[in-house]
Amino acid sequence: MSISLLLSLCLGWAAAQDLCMSSQFRAPGDYILGGLFSFTVLTNATIRTQPDIYRCDRLYAAGLVWALGMKFAVEEINNSSELLPGIQLGYDIYDTCMEPVVALQPSLLFITKNDTGSIGVLCNYTDYQTQVTAIIGPHNSELCMVTAKLFGFFLIPQVSYGATTEAMNNEELYPSFFRTVPSDKSQLEAMIHVLLTFKWNWIATIGSDDDYGREGISLLSYMVTSHSICIGYEGLIPADMSDPDVPKKMQRVIHAINETQVNVIVVFSNDRPVRALFKECFQLEFGKKVWLATEAWVMSDVVTNLKDIRAIGTVIGFIIKGKKVPRFNTYVANLLEMTQQESFCRASKEQADKLGSSILGPQCPLCDFISRRNLTAVLDHRQTFAVYTAVYSVAHALHKVLRCQGKMCRKRSVKPWELLEAMKIVQFDIGDRTFQFDQYRSMNTGYEVIGWGWREARLEFVTLGDFHGSLSMNKSLVQFHTEDQKAPLSSCLTTCSEGQIRRVKGFHLCCYDCIDCEPGTYRNSQEDLTCTTCPEDQWSPKHSTRCYDRSEKYFFWLEPLAVALLGLLLLAFGLTSLAGVLFWRNLHTPAVQAAGGAMSLLALLGLALLCASTVLYVGRPGPTICKMQQPTFALCLNLCFATILVKALQIVLWHDFADSRKNVIHTLARRRPWAIVATSFLLESSFCFWYIYGHPPTVFKNYKLLPTQVLVCCQIQSWVAFIAIHGFNSLLAFVSFLCTFMVQTSAKKYNVARGVAFAMITYFITLIAFIPTYATVGQEHQPATQMGGILLCTLGLLVTFYLPNCYIIWFKPDWNTADRFLDYTKEGLQEKESQD
């Protein structure tokens, strides 16, 4: 009673007079302990554009009390001659502002080389002495996941008094991390026991959108499956309060929870996201619910200080089981009184300066203006004992390293990694309880179950029971928000809409999820537990109760691409026809004779038919169409290539083999060129006959390619036959190219050989471009690809071989003379022989 009165008097005086509390968090010593505590929080977060400092503008009273708990524990150890006789522990405590960026600043300071402000870059850090020997804090999991990897690199022991995430159990990622609290798994086990006690099996879970929240609801979702508890909704709320869309995202979560009609909500989050969520609940007049709270926010004044917080409903939470730190309240009361004395403040500043100038400035400027209301509600916070235990764990490990015996310790330089090894095996007593770290470097002290109670509109925390492997709870102490003061029901009954099936959630039968039938499936009746697959010739949209007939898909005449290709067809056909008419009217002129004479008319006829054959690729393919497509293309192209081959043979015999002994090739090229054309055409016809009757292509309906249509296309049965009919033409083109590409002609003569060579090059370029394009485009676009390839091949042959001759005939008639063109016919050969 006297302590409470003294504290109230001190706090009342502190409200009217500034203190020097900001000077109380640094003290010199033989071994320095770093401290990371949240003195303040950031209420108006903005996006950083420069790497400057954060201005945290709101005092966080709980964090200040925890920091004072560390200060008290260190001073208590220093004043004792039993644990570390002859040793003075120092401390250097900094504000984290609950922001990872802010927490990194003192963390970097802690790893600087002792007595310097710089970080050494070395290959081996075994002999590296950091500013601090160990670190206490920070409180929440998000900050620990940022700092623990940094400290883990230097193997500096870090003991958190509040980080509970399961991820910190990973010793490979966090080799020097310890905590004096249990992991989230223990807390979730306690939650499940509470749910089972009240027979709540239909719940919603909400987590903050960070590692702590996501891991928490994920682990809870996994754990409840073996207890027949259904999660009606899982959602994430923003953890970053600077996000301008926070209200909208909160509202979406609230509306989603309303739709599930759950009465129990588990919130796995830090305090600031919960505060934002509750504010939106008040604005939307969200009905009262039962909220299961984690230790991260259940006693936080950030949440409890909200206006009309009672309207939120019933809150049952869990805090780490601990006890009051002996003599701590008296210590705080005395400290508040002394920080008003000028002599004490001057001495405190002088003591802090012995540790060196603080690069980051005053540790907690706002602490100089604390009032009675700041500390009264949080002074007995259970987390203070976790801080107290953390400091004592480091002290006992240091006791082992220094080999303290009796009244003496062997004072020496202690590297952080040396202390780390002792931390793993340390075991110590505080009062009547024994503490040690388990295999995951945690202390499973159990949980205390508390509820929010109200006395004369004032919030108080009521102890409902405890959990340490099993739950012991007095249900009558819970102040439920219902009219009859009884626990509300929270069970589910799911009715699925049309096109949905019921699927058991997890491995239990308490509730169902409504699952939309995917495209291609439908729900046949309300009793169906699986969606029925549509027949092959039918389709269905998502969320369907019936199937629909597929429409046929092929290359339609009125498609834009088809119209464009037909326009290209007309252009190619028109040019071919004009060239044919022009050649026929000037058949006996040197230009036409140089192009092949009468055989060139056959070649142009073949190209015209080749253009016309492209219409076989437009429209619905049938059995006859599929059989005609490739042979028509191959035979028409063969007529052109056979005549060009004759001309190529005549050219090569004229230039390179005029003096050689006459053989069959000389005779055929000179006197029987038509025999070469006929033989080539017959060979190609035999390949086409084999293709059509030996392995005829068929009409194929592809139901898998398109979601709502069936693709009707031609399917080749024998790729060997396909390669044979087109490979023979490619062989003719290759031979023609070999015969002409090295032929030199007088500058005064028209170079027919060059025209042949370029025509064949154009064909091969088209072929090379066509093959990968055809292989990569979708099957529905392959007819258009083939059509485009044929037309480009036709235009290429016209432009490179036939149209130059047309240009001479029509626009340069004075060039159409025997002087301009070499005659590679029989007479020409004989003339060359007579010249020789």
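A salt bridge is a side-chain nitrogen of Lys or Arg within 4 Å of a carboxyl oxygen of Asp or Glu. Keep that cut-off at hand and select Asp243 and Lys249. Their side chains meet in a salt bridge, with N to O at 2.7 Å. Lys249 is partly exposed, at a relative accessible area of 29%. The model is predicted. By the salt-bridge rule, the count comes to 20.

**Stop 1: Lys411 and Asp30**

Select Lys411 and Asp30 next. Their side chains form a salt bridge, 3.6 Å from N to O. This pair links distant parts of the chain, 381 residues apart. Lys411 is in the loop between α13 (383–401) and α14 (416–425). Asp30 is in the loop between β1 (26–27) and β2 (31–37). Now colour by accessibility. Lys411 counts as exposed because its relative accessibility is 51%, and the cut-off for exposed is over 50%. Asp30, at 35%, counts as partly exposed.

**Stop 2: Glu171 and Arg441**

Go to Glu171 and show its partner, Arg441. The closest N and O atoms of this salt bridge are 3.8 Å apart. Where do Glu171 and Arg441 lie? Glu171 is in the loop between β7 (158–160) and β8 (177–179). Arg441 is in the loop between β15 (433–436) and β16 (447–455). The pair therefore ties together parts that are 270 residues apart in sequence.

Compare the two ends. Glu171 is partly exposed, with 38% relative accessibility. Arg441 is buried, with a relative accessible area of 4%. Together with Glu171 and Arg441, they are linked in a network of salt bridges.

**Stop 3: Cys56 and Cys97**

Switch to cysteines. A disulfide is a covalent bond between the sulfur atoms of two cysteines. A search of the whole structure finds 7 disulfides. Begin with Cys56 and Cys97, whose sulfur atoms are 1.6 Å apart in a disulfide. Here the pair links distant parts of the chain, 41 residues apart. Cys56 is in the loop between β3 (40–41) and β4 (58–59). Cys97 is in the loop between β5 (89–95) and α3 (100–110).

**Stop 4: Cys517 and Cys531**

Select Cys517 and Cys531. A disulfide joins them, S to S 2.2 Å. Cys517 is in the loop between β20 (512–516) and β21 (521–522). Cys531 is in the loop between β21 and β22 (532–533). The pair therefore ties together parts 14 residues apart in sequence. What is the torsion about the S-S bond of Cys517 and Cys531? The value is about -90 degrees, so the disulfide is left-handed. Cys517 is buried, with a relative accessible area of 0%. Cys531 counts as partly exposed, at 23% relative accessibility.

**Stop 5: Cys626 and Cys714**

Next, select Cys626 and Cys714. Their sulfur atoms are 2.0 Å apart, and they form a disulfide. Cys626 lies in helix α18 (residues 623–656), while Cys714 lies in strand β27 (residues 709–715). The pair therefore ties together parts that are 88 residues apart in sequence. The torsion about the S-S bond of Cys626 and Cys714 is about -80 degrees, so this disulfide is left-handed. Cys626 is buried, at 2% relative accessible area. Cys714 is partly exposed, at 24%.

**Stop 6**

Select Cys713. Which cysteine has the sulfur closest to that of Cys713? The closest is in Cys714, 7.1 Å away, too far for a bond. A disulfide needs the sulfur atoms within 2.5 Å. Cys713 counts as buried, with 8% relative accessibility. Jump to Cys123. Buried or exposed? Cys123 counts as exposed, with 89% relative accessibility.

**Last stop: a nonpolar patch**

Finish by selecting Phe734, Leu738, Phe741 and Met742. These residues form a nonpolar patch on the surface. Together they have about 420 Å² of accessible area. Centre on Met742, in the loop between α21 (719–740) and α22 (752–776). Met742 is exposed, with a relative accessible area of 59%.

How values were computed: Residues numbered from 1 in each chain as written. Predicted model: local features only at pLDDT ≥ 70, side-chain atom pairs only at ≥ 80, totals over all residues. Heavy atoms only, no water. Helix = DSSP H or I, 4+ residues; strand = E, 2+ residues; numbered from the N terminus. Buried < 20%, exposed > 50% of the residue type's maximum accessible area, 1.4 Å probe, protein only. Patch = residues over 30% accessible without salt bridge, like charges linked within 9 Å, V, L, I, M, F, W, Y side chains within 5 Å. Areas by Shrake-Rupley, 256 points an atom, 1.4 Å probe, with all protein chains shown as cover.
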